[in-house]
Amino acid sequence: MLSKTLNMTQTPQHPLDKTVAGTGPHHMHATVQVGLADRSYPIWIGEGLLGQPDIWRDALRAGRPGRVVVVSNEVVMPLYGQRVLDALGSLGCQTSQVVLPDGESHKDMASLMKIFDHLMSEHVDRSATVVALGGGVIGDMAGFAAACYQRGIDFVQVPTTLLSQVDSSVGGKTAINHPLGKNMIGAFYQPRAVIIDMTVLKTLPPREVSAGLAEIIKYGCILDADFFNWLEANMQALVAGDADALAYAIQKSCQIKAQVVAADERESSGQRALLNFGHTFGHAIEAGMGYGAWLHGEAVGCGMAMAALLSCQLGQLDVPSFKRVVALIDRAGLPLQPPAWPAQAYLDWMAHDKKSAAGAIRYILLKGLGQSELRPVEDALVRLAIEASQKG
C-alpha cells in the first residue's frame, strides 16, 4: 500500500512550512523539492513570485539570460504576462510570446502547431527556455512542445489555476487531447522549476477554485487520512479563498505528489497511477460531453464520487467513509451526479484510458480513507455503480 511506503509530512505550524526569507516582504516562500536525481527541481510557493528577478534567475539554467518564449492564453497573458516579461527583461533575457485561445477545447494539435510555428519562425534554438504561464491546458501543451522541439529544450511551469498548482504542473506529464481520449498524445518531460504565485488565485472565479479543490481532495482520499481530516475541518475556508488555508493545502498537495513522482516517475510500478483516482470516470465525462463543457476538476470530482461508490459496492470502503468522501466533494461545490448516458457509453470511453491493460479497464479504488489500489473490475459491477450514481 503506497501510504505505507511514502513518508508523508504532518501539518506544519505555519501555512508555508520550510519558508525561505529573502530581502523583501514578498521574498518569503516555501520550497518543495521533486527528487529525480540529476533532473530534480524545486517547486516555489509564495506570494508575488512572478515579478521577482531572483526567482527567474534561479529558474533558468545556470542563471543565464537568453531566449525565453512565454506561452500563455488570451485570458492569463493580459493579467500576468507583463509582470513575467518585465522580470525576465531585467535579467537581460530576450523574450517573445505565444498567446493561445483559452479552454480545454483548444488543447489540440492545432494549438500545439502554433507554438511550433512560433519557435521555428523566430529561429529559437536549443539554448532557449519555454515558460508555461497558465492553467493545466497551457502547462501540458507548452511542456509537450518543449519536449518535442529540437528533441527537448528547457521549460518552466508557472501555473495560474488552483488545479494546475496542486497537480498538473508537477510531475512532468505533458500532452494534448485526441477526440477519442484525453491526454493520449504526450510525453513525460520534467520542468526545470515550478513557480506557484498564490496572488494569482485572487482573480480565479469560484468555479475554478472548486475545480482545483477536487485534486486536493484526491490526495487525502488515496494517501493521507490526516490530510482528509484537515480538509473536512477547513473546507469552508478553502472555498472562501482563505490565504492561509490555501497555502497549506497547496504545499501539502505538492509534497504528496512530489514524493509519489520521485518513487514512480513513469507509472512503471503502478504507484503514480493512484494519483488518477476519479480520473477514469472523469475523463469519460469530459470526452463524452466535449472537452470544456465540464471543467477537468468538476469531472474528476464527480468521478471520485463514482469511484468511491464502486469501492463501497465492492465491500472495500465502509459506508460511513463513503458518505464522508461524497460530503466533502459536495462541500467543495463539485457535481456528484454524472451525465445520464447508458452505462455502456461510459465503458466505451473508458476503454481508451491509459491505465487499461490487456483490454481490461483498471480503476483506482479506495480501501479506506488514505488507502487505495489499482485493479480491474468486471464491467457488470461497474455498470451498477454508474447507474446508481446517476440516480443520485
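1. Helices H8 and H12 are roughly parallel to each other, a label given to angles under 35 degrees, whereas angles over 145 count as roughly antiparallel, 65 to 115 as roughly perpendicular and the rest as oblique. H8 covers residues 225-239 and H12 residues 319-331, and they pack at an angle of about 20° with their axes 10 Å apart; the axes are lines fitted to C-alpha atoms, for helices over the stretch in contact, and the angles run from 0 to 180 degrees between N-to-C directions. Helices (H or I, at least four residues) and strands (E, at least two) are DSSP runs, numbered from the N terminus.

2. This is a predicted model, in which local features need pLDDT of at least 70 and side-chain atom pairs count only at pLDDT 80 or more, while totals for chains, interfaces and linings use all residues. Residues are numbered from 1 along each chain as its sequence is written, and side-chain values use heavy atoms, with hydrogens and water left out.

3. On the H11 side, the axes of helix H11 (residues 296-313) and H12 come within 10 Å and cross at roughly 175°, which makes H11 roughly antiparallel to H12. In this contact (heavy atoms within 4.5 Å), Gly-301, Met-304, Ala-305, Ala-308, Leu-309 and Cys-312 of H11 meet Val-319, Phe-322, Val-325, Val-326 and Ile-329 of H12. The residues divide into 10 nonpolar, one polar and no charged, where Ala, Val, Leu, Ile, Met, Phe, Trp, Tyr, Cys and Pro count as nonpolar, Asp, Glu, Lys and Arg as charged, and the others, Gly among them, as polar.

4. The largest cavity holds about 100 Å³ of space, a volume being the space filled by probe spheres set on the points, which are joined across faces, edges and corners.

5. The lining of the largest cavity comprises 13 residues, and Lys-182, His-283, Trp-349, His-352 and Asp-353 lie nearest its centre. Strand E9 (181-188), helix H10 (279-289) and helix H13 (343-350) are the elements that give two or more residues to this lining, and H10 gives the most, with four residues. By class, the lining of the largest cavity has six nonpolar, four polar and three charged residues.

Technical notes:
On a 1 Å grid over the protein atoms alone, a cavity is a set of points where a 1.4 Å probe fits but cannot get out, and a pocket is an open set with protein on both sides within 12 Å along at least five of seven lines; lining residues have an atom within 4 Å of a point.
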